[in-house]
Amino acid sequence: MLFCRSYVARVPRIFRARFVSTLTFIETTADGKISPSTFNNLAAAKRISNSNTALILGSNASKVAEQFNNLGSSLGLEKILILENAKLDHSLPEYVAPILKNVLETGKFTHFIMQNSNVGKNILPRLGALMNCQPISDVVDIQDPKTFKRPMYAGNILATVVSEQKINLLSVRSSSFKSIDVNNDGTPSEKITIETIPYNDGDSKAVTIEWEFADLMDNTGRPDLVSAKNVISGGIALKDKTTFDELLEPLADALNAGIGGTRAAVDSGLCDNSLQIGQTGKIIAPDLYIAIGISGAIQHLAGMKNAKTVVAINKDADAPIFKASDYGLKGDLFEIVPQLTAKLREM
Ligand code: FAD
């Protein structure tokens with residue numbers, strides 16, 4: 001791997017648990033569906049143990065739990081814990097962390113798993129502080145229930161962390177774990193036990209006044225950026241939002257791809273912040289990544305260098321992105337992208 005060096009960090013405290021059992025936090029989409037990355041996170045849980053439980057919070061919790069029950073036994077879940085309460089809909093850490101603390105202090109779980117998403121990044125540190133426990137974030141590989149790999153310094157170092165904590169609070173990089181192959185063939189399978197847990201937000205003083213949602217680019221029907229097999233991504237060279245959308249959307253449609261962008265593109269208003277790929281954005285590992293008008297700054301590479309095949313379109317033959325690419329097209333993106341889209345449509 002490009003910048004890989006490894007060292008071992010030790011997290012103190014003695015690992016006394018006699019069993020290994022995981023609890024995975026399930027994120028849901030705004031319309032109450034299971035977030036696609038869930039199946040990658042459950043794959044991570046399966047790497048740790050065969051005794052796995054899921055936790056679903058929010059007003060749609062039982063509906064989401066039923067979706068799991070329709071998916072078959074391949075999920076490897078023994079139980080689903082739910083808590084239906086509208087206060088938990090937006091995963092506010094002030095409400096959620098005390099509830100998680102209560103569940104984890106029952107001693108039934110040795111590992112708590114969240115996605116290394118905004119939700120995970122928001123909740124896990126607060127939970128760690130409440131439980132006096134060191135979270136292990138952005139886990140990309142699990143060697144055994146105590147040994148985890150995680151990148152540091154924008155991916156320049158891959159640290160091997162050996163944890164001897166009684167409870168391991170993990171956030172996992174979903175794209176590093178191959179999704180569970182869900183048996184959704186309609187074959188009846190054993191129902192998973194669903195159990196309701198009590199509400200106790202630790203008397204939080206936080207009050208939600210209003211939620212205002214960003215006016216996101218219309219991604220209707222587009223694959224989720226983190227779990228998409230194909231991703232095309234645009235840089236500041238795309239000039240403005242209209243050009244960004246008009247050039248990239250048809251290409252994304254032709255490839256059934258997710259759309260991402262660089263920080264420069266985000267900062268200049270070409271695309272929404274939720275599309276940013278890189279060190280301070282999303283970290284992805286699709287099968288195909290097409291970088292369009294992107295220079296290949298190290299902070300951008302940190303978000304996409306694990307893509308299986310990288311294609312770069314850039315007019316500058318010396319652009320660093322070409323060094324990180326399997327295929328390079330040197331030329332003007334305003335000519336190449338429409339031609340590429342037209343060819344793909346013919347196929
Ligand atoms: P540029 O670097 O300006 O590159 C534009 C490219 O387009 C050039 O290579 C140019 O040759 C090419 N081009 C121009 N016109 C055409 C054309 N007509 N046809 C073809 N090619 C053309 N960046 C991220 O992306 N993600 C992050 O998460 C991130 N985090 C950061 C965190 C920190 C702390 C810092 C300091 C920076 C971070 N950055 C991040 C910013 C990063 O350093 C770069 O500035 C950014 O990635 C550059 O974006 P770009 O490639 O769109 O723009």
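Predicted model: local features only at pLDDT ≥ 70, side-chain atom pairs only at ≥ 80, totals over all residues.
**Entry 1: the ligand**

I began with the ligand and its neighbours. I counted 25 residues around the ligand, and those that come nearest are Thr262, Thr280, Ser295, Gln299 and Asn314. Sorted by class, the shell around the ligand has 13 polar, 8 nonpolar and 4 charged residues.

The side chain of Thr262 has an N or O atom 2.7 Å from an oxygen atom of the ligand. Asp332 has a polar side-chain atom 2.9 Å from a nitrogen atom of the ligand.

I then asked how much of the ligand's accessible area the protein covers. On its own the ligand has 990 Å² of accessible area, and the protein covers 73% of that. I also noted which elements give two or more residues to the shell: they are the helices α6 (263-267), α7 (298-304) and α8 (333-346).

**Entry 2: His300 in α7**

I stayed with α7, where His300 has its place. Is His300 buried or exposed? The relative accessible area of His300 is 5%, so I wrote it down as buried, since buried means under 20%. The side chain of His300 has a polar atom 3.2 Å from the backbone oxygen of Ile277.

**Entry 3: the second largest pocket**

I turned to the second largest pocket, which holds about 460 Å³ of space. Its lining is made of 17 residues, and the closest to the centre are Asn40, Ser179, Ser227, Lys229 and Asp287. By class, I found 6 nonpolar, 6 polar and 5 charged residues in the lining of this pocket.

**Entry 4: the cavity**

How many cavities of 30 Å³ or more does the structure hold? The structure holds 1. The largest cavity has a volume of about 40 Å³.

I listed the residues that line the largest cavity: Phe25, Ile26, Glu27, Ser35, Thr38, Asn41, Met114 and Gln115. Of these lining residues, 4 are polar, 3 are nonpolar and 1 is charged. Two elements, α1 (38-48) and β5 (111-115), each supply at least two residues of the lining.

**Entry 5: helix α1**

I looked at α1 again, as it had come up at the cavity. Helix α1 is mostly covered, with 9 of its 11 residues buried. The buried residues are Thr38, Phe39, Asn40, Asn41, Leu42, Ala43, Ala44, Ala45 and Ile48. Two of these names were already in my notes: Asn41 from the lining of the largest cavity, and Asn40 from the residues closest to the centre of the second largest pocket.

**Entry 6: two residues in strands**

I picked Asn230, which I found in strand β12 (residues 230-234). Asn230 has a relative accessibility of 18% and therefore counts as buried. A polar atom of the Asn230 side chain lies 2.9 Å from the backbone oxygen of Leu255.

Val311 sits in strand β15 (residues 309-314). Its relative accessibility is 14%, so Val311 also counts as buried. I checked how far Val311 is from Ile292: they are 19 residues apart in sequence, and 8.5 Å apart in space, C-alpha to C-alpha.

**Entry 7: two positive phi values**

Last, I looked up backbone angles. Asp138 has a phi near 55°, which is a positive value in a residue other than glycine. Asp138 has its place in strand β6 (residues 136-139). With 13% relative accessibility, Asp138 counts as buried.

Asn256 has a phi near 50°, and this too is a positive value in a residue other than glycine. Where is Asn256? I found Asn256 in the loop between α5 (241-255) and β13 (258-261). Is Asn256 buried or exposed? The relative accessibility of Asn256 is 51%, so I recorded it as exposed, the cut-off for exposed being over 50%.

How values were computed:
Residues numbered from 1 in each chain as written. Heavy atoms only, no water. 1 Å grid on protein atoms, 1.4 Å probe; cavity = no way out; pocket = protein on both sides within 12 Å on 5 of 7 lines; lining within 4 Å. Points joined across faces, edges and corners; volume = space filled by probe spheres on them. Nonpolar A, V, L, I, M, F, W, Y, C, P; charged D, E, K, R; others polar. Near = heavy atom within 4 Å. Polar contact = N/O pair within 3.5 Å; in protein donor to acceptor, adjacent residues only side chain to side chain. Areas by Shrake-Rupley, 256 points an atom, 1.4 Å probe, with all protein chains shown as cover. Helix = DSSP H or I, 4+ residues; strand = E, 2+ residues; numbered from the N terminus. Buried < 20%, exposed > 50% of the residue type's maximum accessible area, 1.4 Å probe, protein only.
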